[in-house]
Amino acid sequence: QVQLVESGGGLVQAGGSLRLSCAASGSIFSINAMGWYRQAPGKERELVAAISSGGSTYYADSVKGRFTISRDNAKSTLYLQMNSLKPEDTAMYYCAKGGGSSYLTNYNYWGQGTQVTVSS
């Protein structure tokens with residue numbers, strides 16, 4: 001059974017940084033793409049960043065240059081380093097596991113989410 005557990009969210013001032021982590025279990029972590037989604041109140045869930053099994057990355061335009069996604073296959077852990085945070089980054093952040101190796105895959109497993117709140 002796949003389990004994804006996020007941590008690292010919190011309240012931060014604009015311009016600050018946070019590092020999200022996602023501990024995965026129940027499957028072979030290294031062979032699947034992984035992603036970070038976010039959902040703000042009243043908005044649709046959006047893909048923020050993704051990483052393929054080979055390490056290729058994708059970023060939404062809104063976070064390019066500020067966020068960095070990475071993975072540690074030995075620890076079965078996914079990370080999202082978020083710098084220069086803005087109030088519009090406020091959302092629930094979800095870790096997701098892809099069904100394939102490319103970050104273009106469908107994501108079919110989700111964590112419970114971790115809240116990120118950026119104050120102005």
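In the predicted model, the largest nonpolar core has 28 residues, and W36, F67, I69, L78, L80, M82 and Y93 touch the most other members. A nonpolar core is a set of buried Ala, Val, Leu, Ile, Met, Phe, Trp, Tyr and Cys residues joined through side-chain atoms within 4.5 Å. Buried means under 20% relative accessible area, exposed over 50%, and partly exposed in between (1.4 Å probe, protein chains only). At least two residues of this core come from each of β3, β4 (34–39), β5 (46–51), β7, β8, β9 (91–98) and β11 (114–119). The largest share, four residues, is supplied by β3. A second, separate core holds six residues, including Y37, A50, A96 and Y107.

Residues are numbered from 1 along each chain as its sequence is written. The model is predicted, with pLDDT of at least 70 needed for local features, pLDDT 80 or more for side-chain atom pairs, and all residues used in totals for chains, interfaces and linings; side-chain values use heavy atoms, without hydrogens and water.

The protein contains 11 strands and zero helices. Helices (H or I, at least four residues) and strands (E, at least two) are DSSP runs, numbered from the N terminus. Strand β3 (residues 18–25) pairs with strand β1 (residues 3–7) in the antiparallel sense, over five bridges. Pairing requires at least two DSSP bridges between two strands. In this pair, E6 stands opposite C22 of β3. Strand β3 also runs antiparallel to strand β8 (residues 77–82), joined by six bridges. Here S21 faces Y79 in β8.

I69 lies in strand β7 (residues 67–72). I69 is buried, with a relative accessible area of 5%. Beyond residues up to four places away in sequence, I69 touches M34, G35, W36, A49, A50, I51, T57, Y59, L78, Y79 and L80. Contact means heavy atoms within 4.5 Å. The C-alpha atoms of I69 and Y37 are separated by 12 Å, with the two residues 32 apart along the chain. F67, neighbours within four places in sequence aside, contacts R38, V48, Y59, L80, Q81, M82, N83, L85, D89 and Y93.

Overall, buried residues make up 43% of the 120 residues. Of contacts between residues at least 6 apart in sequence, 57% join residues at least 24 apart. The C-alpha atoms fill a box of roughly 40 × 25 × 25 Å along the principal axes.
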